[in-house]
Structure formats: C-alpha cells, structure tokens
Amino acid sequence: MLKNYFKIAIAVLRRRKFFTFISLFGISFTLTILIVLAAFINNIARSAYPDKKRDRSLYVMLMDQRSEKNGRNSGPPSFYFLDHYVGSMKTPEKISIASMFNATNTYINNKKLVINVKYTNDAFWDVMEFDFVEGKPYITQQIKNADKVTVITRDTRDSYFGEGVSAVGKYIETDNETYRVIGVVEDVPVTMLYAYGDMYLPYTLSKRDYLSKELNSNYTAVLLAKSAADLDQMKSEYQDVVSKVPVKGKEFDKLYSHADTYVASYTRILLGDGMESGIGKMFLILSLVAFLFMLLPTINLVNINTSRIMERSSEIGVRKAFGASSGTLVLQFITENIILTFLGGIIGLLLSWGIIFYINQSNLIPNIHLTIDFGVVFLGVLCCLVFGFLSGVYPAWRMSRLHVVTALKAN
Amino acid sequence: MITLRNIEKVYRTDTVQTQALNQVNLDIEKKEFVSIMGPSGCGKSTLLNIMGLLDNPTSGLVTISDKNTTKLNDKELARFRNKQIGFIFQSYHLINDLNVIDNVELPLLYRSTSAKQRRDLAKSALEKVGLSNRLRHFPSQLSGGQKQRVAIARAIVGNPEIILADEPTGNLDSAMGNEIMNILLQLNNTEDTTIVMVTHDESMAKKTHRLIRLFDGSQVQ
C-alpha cells in the first residue's frame with residue numbers, strides 16, 4: 001500500500017513540475033531559515049571556546065537602577081560594584097570581570113585597523129579557557145603594577161605583525177598607547193560577548209576610572225561555581241549582595257541585578273525587566289516566529305493540494321468505486337503530502353548544511369563556527385511531519401467528501 | 001443476485017426537480033448478462049450507479065446477494081463494493097500515473113492481500129484479457145482497446161460476482177468494441193460472472209441474455 005502511495009506521490013510530483021517546485025521551494029526555504037536560525041541560537045547558547053564551563057557559570061551583564069523621581073538607569077555594572085560587592089561572595093570559585101569591548105583604531109602601512117579592546121581581571125583567564133598560540137596571560141602583579149602588557153588574538157597578530165609572525169615580546173600600538181604583547185590566543189567570535197575581544201588588557205589600564213563608585217559602567221562578570229549544584233546557592237548569594245548595596249539618599253532607590261544563566265543574561269536585557277529574566281518570553285516569541293514561518297508554506301501547500309483535488313477526481317472516484325473508504329483516501333493524501341514535505345525537508349537540510357558551511361568558510365561572521373546538531377535535525381524532521389500533516393489534512397478531508405459519481409463525471 | 005424495488009431517483013436544485021428514475025423494479029439473476037438501453041439522459045447510468053452502490057436512490061430498496069444495502073455506512077459500502085462488484089467505465093478511468101499492473105492491482109490494495117498475491121492475481125487477470133505483455137506500460141502508451149482491457153482486468157482481479165459496465169465499447173471502433181464484448185461474454189460464460197452493461201449499441205445488446213429499455217427514468221421493456 002505504502003509503495004503504491006509512494007509511486008503515486010512521485011508521479012504526481014513529476015507531472016506537475018512547477019507546482020512541485022513551488023511546494024518544495026516553500027518547504028525547503030522555510031526549513032533552511034529555521035535550521036540556520038536554530039544553529040545560530042545553538043551557537044550562542046551552548047558552551048564553546050573559550051567559555052567552556054557554562055554549566056557551572058552565572059553571568060552578570062545588567063545593573064538596573066530605578067527611582068520614581070529620576071526614572072531609570074540601566075546598563076552594565078561598574079568594575080567597582082563587581083569587584084567590591086560581588087567580589088566578596090563566598091560561593092564562586094572564581095569571578096571573572098571584563099569590560100564590554102571598545103573599538104580602538106590603529107594604522108599599519110597607512111591602513112586603518114580597528115582593534116576591539118577588552119579590559120579584564122586575572123580571573124578572566126581562569127574562568128575562560130583560552131587556547132594560547134604563544135605566550136601566556138597577564139598575572140595579578142602585572143595588573144596591580146598597571147604594566148602595559150596585552151594578550152592579543154591570532155587575527156590581530158596576523159593583521160598587525162604579519163601572518164604567522166611571532167608577536168610575544170613585541171609592541172603593539174593602538175589609540176596612541178603602546179603595549180607589550182605577552183600572549184596570543186585563538187580568535188573568539190563576536191557572538192561570545194563575555195569573552196570577545198581582539199586585544200585584552202589589565203583593567204588597571206582602562207581610561208575609564210575603574211575606581212569610580214558609580215554602580216553602572218561597562219563591565220560584565222562571570223561567576224564560576226565549584227559545581228553545577230552550587231548555581232542556586234550562588235544566585236541567592238548574589239541577590240543577598242545586591243540587596244545590601246546602599247541606595248538610600250542616592251539618585252536611585254531601587255536596584256535590580258541578577259546572576260543569570262548564559263541565555264537568561266541576554267534575554268533579561270532584551271525582554272526582561274527588574275525581576276523577570278525574559279526567557280519565557282523569548283521561547284514564546286521564537287515559537288511564534290517559527291510557527292508563522294511554518295504557516296506560510298503550509299497555507300501554500302493547502303491551496304495547491306486543494307486545487308489538485310479536481311485534477312485527481314477520476315483517481316478518487318476509481319479508488320472509491322473499487323473499495324477505498326473516505327478514511328483510506330485521507331490517509332493516502334496525507335501520506336503523499338508527508339512524502340512531499342519530507343523531500344522538501346531533505347532539500348532544506350542540504351541547503352542548511354550548504355549555507356552553514358558557507359558561513360563557516362567565508363568568515364562572514366568572523367570566527368563563528370555553526371554546526372547542525374542532532375537536535376536541530378530532529379527539529380527539522382519534526383517540522384516536516386507537522387508541515388505534511390497540517391497541509392494534507394484539510395485537502396484530504398475535502399477530497400474524501402467528494403461524491404464518487406461526481407468525482408468520476410468531473411474527468 | 002441484484003434486486004431493485006421501487007427505485008426512485010430525484011435530483012433537486014433550488015429551482016428545478018428532475019426525476020431521473022421512476023419506480024424501477026428489476027431482478028437480475030446470478031450468471032445473467034443483462035444490457036440496459038435507452039436514449040441519452042433516460043437514467044441508464046444513474047440506474048447502474050445505484051446498482052453499484054456508488055449512488056443512493058431517493059427511495060426504494062437495493063438488495064445484492066441477498067443483502068439489503070440501504071443501511072450500510074460509507075466504510076461498509078466500500079468493503080461491499082470491493083468484494084462483490086467490479087466496474088468498467090466508458091472512459092476507462094485508469095490512473096495515468098500508475099503502470100498497467102499497478103492499475104490492475106488497485107482493488108486488491110483495499111483487501112488484506114500480500115504484495116506477491118496481488119502481483120500474481122493481477123498478472124493472471126491481465127492474461128485473461130490478453131495483455132500479459134504490457135505489464136510495465138503506462139495508460140498513455142496504450143490504445144483505447146488496450147486501455148479498456150486493462151480496465152476489465154482491474155474489474156475482474158478481485159473475482160467479483162458482479163460486473164457493471166457503463167458503455168464499455170462507447171469510445172471504441174467496432175472491431176475493438178467486438179473484442180471487448182467477446183471478453184465480457186467469455187467472462188460471463190466461463191467465470192459465471194453476472195454482468196450488467198449499459199450500451200447504446202443495439203448489436204452489442206443483442207449478444208446479451210436480456211435487454212432492459214429505459215425511457216424518461218421508467219422501465220419500458
């Protein structure tokens with residue numbers, strides 16, 4: 001029976017090449033977008049170089065100060081807050097503090113080179129697991145002394161000193177300051193905000209006053225627990241710390257800051273507020289987007305399939321006359337549709353693979369490495385089945401209601 | 001074999017009511033070969049569709065093989081047709097996307113028959129109509145006569161007791177028509193199949209056991 005359905009499905013697809021193309025294009029294109037999007041989300045969410053200990057880390061990127069009178073001041077916290085208050089926490093094994101990246105300019109052979117600089121503490125090198133191509137990170141003493149030392153990425157080295165040329169011990173100049181290179185690390189994609197930079201410097205070299213007692217500035221922190229089991233305790237200790245920050249008599253009287261899991265630290269900024277992490281909203285929005293995206297080719301398929309019913313009325317009539325019940329025919333049409341969407345799914349997967357391969361190879365987004373994992377493939381297959389089912393049900397139902405005599409006469 | 005009692009069929013639209021069949025009473029015996037004739041629009045095909053359980057009468061009783069079919073639901077009707085009745089249509093109604101043997105196998109798909117059994121039965125049916133050398137051809141590669149022979153093979157593959165043929169020679173020239181008629185006569189003779197055939201061709205009708213004439217929905221002979 002299935003073989004027969006398969007034969008018919010393939011024959012119908014071959015007979016109506018244009019419709020087949022439109023259907024397959026709709027399915028595969030949608031699926032490709034969803035899979036590439038999922039690969040991006042996956043890339044952002046999963047543990048990856050150099051932030052490899054995400055399962056036992058909490059992230060701080062937001063300090064939200066509010067008052068009824070003065071409104072709201074929301075942004076990354078200050079070094080002072082992270083060092084003075086958060087630094088006193090007992091649960092974390094290490095606390096990495098690093099600034100957001102700042103763009104600086106340098107010129108080599110009259111050509112401008114933008115170098116994104118990140119200021120960090122020494123724990124940054126312990127929390128993040130950088131691969132050193134050469135040299136080593138700066139240590140506590142060098143930070144205390146405000147030594148003008150730097151760790152740069154392989155890309156920066158290659159652009160500044162020449163491809164593959166050793167840089168340790170040499171000097172690099174940017175924004176009219178000169179630093180001695182003490183280490184070269186493998187590149188980090190810009191999507192890894194907590195770790196990304198082209199050049200890493202001790203925070204004591206920051207031109208911003210890192211001793212300022214303002215609570216907002218441009219720093220982030222990663223709190224590394226001894227084990228994943230300590231995360232809840234670390235979260236609540238962080239809340240304790242935040243609640244003890246004095247706000248009375250200051251410009252703002254309410255303070256919100258959270259130590260979040262990696263994804264939640266982003267969703268809190270994009271979709272959350274003082275208390276909500278926004279992760280639920282994010283899932284809702286992503287699901288809605290995916291649903292709407294899937295709905296378009298589904299409606300397209302429903303239309304195409306419905307218009308094909310009259311074209312196949314003779315077949316419907318014959319099958320009914322020779323003993324097919326309405327239920328059997330519904331099953332046949334749904335099966336055919338699932339075969340069609342499955343083909344679309346395979347094309348979609350191949351296209352996704354091609355696009356992801358292109359993104360990885362072309363350096364379109366520097367240093368990013370997207371992958372299609374089994375979860376994403378499973379999602380793709382599931383989408384196909386849902387597509388096939390949804391777009392087949394209504395036309396199949398209409399077709400099954402076609403009266404056998406009418407169906408035979410219509411030919 | 002087939003008993004029709006007080007069969008009426010009325011087609012109604014918002015403005016018009018058409019009486020397609022009016023108090024038709026018929027008894028067709030087992031192994032009988034009956035032809036139905038009459039002018040266009042007199043209700044021949046409607047009568048055949050009602051006998052084949054493809055259409056419901058507005059009123060009246062249809063009994064086939066001693067079974068009252070009035071109260072059968074969609075699924076039961078489908079099963080009953082599958083077991084008892086084979087159809088032959090004027091315009092063949094072969095599925096163009098399937099080759100000859102797959103077309104012939106079609107009624108067996110709706111039974112619990114293994115793939116091998118289906119293939120064997122389809123081959124044997126095609127042998128009976130003299131088309132065992134065209135198994136892999138598609139309908140578009142066949143002549144009208146060959147198509148109708150495939151349609152006959154499809155009608156007999158499930159070994160039904162009744163074959164209903166709606167103008168089976170209507171689209172064929174006389175030579176081809178005779179060929180098809182001979183196959184039907186042979187089926188009736190050797191397999192004891194009951195056949196009811198609608199035709200416009202007096203000479204074909206004369207070859208059958210009995211002729212029923214319809215006029216304006218009523219039986220006149």
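1. Chain B has 7 helices and 10 strands (DSSP runs numbered from the N terminus, with helices being H or I of at least four residues and strands E of at least two). This is a predicted model, in which local features need pLDDT of at least 70 and side-chain atom pairs count only at pLDDT 80 or more, while totals for chains, interfaces and linings use all residues. Residues are numbered from 1 along each chain as its sequence is written, and chains are lettered from A and ligands numbered from 1 in the order in which they are written.

2. Of the 221 residues in chain B, 47% are buried (20 or more other C-beta atoms within 10 Å of the residue's own, with C-beta atoms placed from the backbone). Among contacts in chain B with a separation of 6 or more, 70% join residues 24 or more positions apart (a contact means C-beta atoms, placed from the backbone, within 7 Å).

3. Helix α5 of chain B covers residues 144-156. Because 11 of its 13 residues are buried, α5(B) is largely enclosed by the rest of the structure. The buried residues include Val150(B), Ile152(B) and Arg154(B). The partners against which the buried residues of α5(B) pack are β6 (85-88), α3 (100-109), α4 (115-128), β7 (162-166) and α6 (174-190) of chain B.

4. Between the chains, 24 residues of chain A are in contact with 21 residues of chain B. On the side of chain A that touches chain B, α1 (2-15), α10 (313-321), α11 (326-362) and α13 (404-409) each supply at least two residues. The most comes from α10(A), with 7 residues.

Definitions and conventions: Buried ≥ 20, exposed ≤ 12 C-beta atoms within 10 Å, placed from the backbone. Contact = placed C-beta atoms within 7 Å. Expected span 1.5 Å × (residues − 1).
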